Amino acid sequence: MRSFLFVPGDQPDKLAKALSSAADVLILDLEDSVNPLNKEAARRSALDLLQNRDAVPDPPLLYVRINGLDTSLADGDLDVVMTGVPDGVVLPKARGGNDIALLSSRIAVREALHNIPESSTPIIAIATESAAAIFGLGTYMDSSPRLAGLAWGVEDLSADTGAQTCRVEGEWTGPAELARGLCLFGAAAAGADAIDCVYADFRDLDGLKRECETAARDGFTGKLAIHPDQAPVINEAFTPSEEAVTRAERVVEAFSLFGDAGVTSLDGQMLDRPHLKAAERLLARARRWRPQAPLDEVQS
Ligand code: COA
Ligand code: MG
């Protein structure tokens, strides 16, 4: 999954509109974009969309961002939205693997109650929203097989630390950069996708493109979005390019020519097992997002 578009749960017009957006995933938000007075209405609107998702052909996946486990709202959110069988749940203010295990057990109860296949509801955690959460980024491994992704963000983190800004002349500040890197490592260690933070300047699509390319370069596989216009830019940047696919195919081929060799070469560059692993990973993503690509011959 490349693009994750937030849609405020208490804005039915945006919810309906988002269904036709290019995003791979919509995050129907019950948390911070919702007016506290509208929490119940947001649950109902999210459920309505879940129940009517077939109104458009090939709809995006529908995840729901519930309220944090430290609020009194999370269980009520799950009670309502799990009846609509969401494609996944987004947990804000996650503090570490224990929160994922806790949420997992709460989801499991609802899956059983509503005849939803066991363990079929994945979880994406927003994992850098407080100073304490930063210290939990190494605790996600083995928390739950449901854990599909870790996303990072700076707004709540800055509010927690008192940072005056998290960007200077377009570049992340040191603390923001640290949160970004630790999220990436925490996700990889847990076998989950690393998801890049929102790009708040939603009219600046060139800036968004640059930030996506940097994130994809570093190992992130997708990015959060706040505006439908951002989804195509994100999709493009996180889809392996034709050039990258060709190069990865040649790496795989170079190894296949040398049987089980641990090391080989291509165009005068040494290749060893990590290069093969990276090439296979890229081809797997290309098969998902570039179904037209002629990849059959490299799948064996
Ligand atoms: N989902 C669905 N539709 C959206 C949307 C979103 N996230 N953001 C904008 N739109 C719609 C608007 O309703 C508008 O529809 P219309 O043409 O039918 O009137 C159209 O896209 C163009 O919107 P635009 O005028 O460019 O932006 P805006 O000023 O209406 O909205 C935001 C700007 C930031 C308020 C809006 O994009 C938004 O609510 N984003 C989500 C914020 C969020 O969820 N934050 C929490 C996580 S960080
Ligand atoms: Mg937040």
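Analyst: Happy to! Helices (H or I, at least four residues) and strands (E, at least two) are DSSP runs, numbered from the N terminus. On that basis the protein has 11 helices and 12 strands. This is a predicted model, where local features need pLDDT of at least 70 and side-chain atom pairs count only at pLDDT 80 or more, while totals for chains, interfaces and linings use all residues. Side-chain values use heavy atoms, with hydrogens and water left out, and residues are numbered from 1 along each chain as its sequence is written.

Now to the site itself. Taking as near any residue with a heavy atom within 4 Å, ligand 1 has 15 residues around it, and Phe6, Lys14, Arg203, Ile226 and His227 come nearest. By class, this shell holds 8 nonpolar, 2 polar and 5 charged residues (Ala, Val, Leu, Ile, Met, Phe, Trp, Tyr, Cys and Pro count as nonpolar, Asp, Glu, Lys and Arg as charged, and the others, Gly among them, as polar).

A side-chain N or O atom of His227 is 2.7 Å from one, a polar side-chain atom of Arg203 lies 2.8 Å from one, and for Lys17 the distance is 3.3 Å. Alone, ligand 1 exposes 890 Å², of which the protein buries 60% (Shrake-Rupley method, 1.4 Å probe). Strand 1 (3-8) and helix 1 (12-18) are the elements that give two or more residues to the shell; the largest share, 4 residues, comes from strand 1.

Methods
Chains lettered and ligands numbered in written order. Polar contact = N/O pair within 3.5 Å; in protein donor to acceptor, adjacent residues only side chain to side chain.
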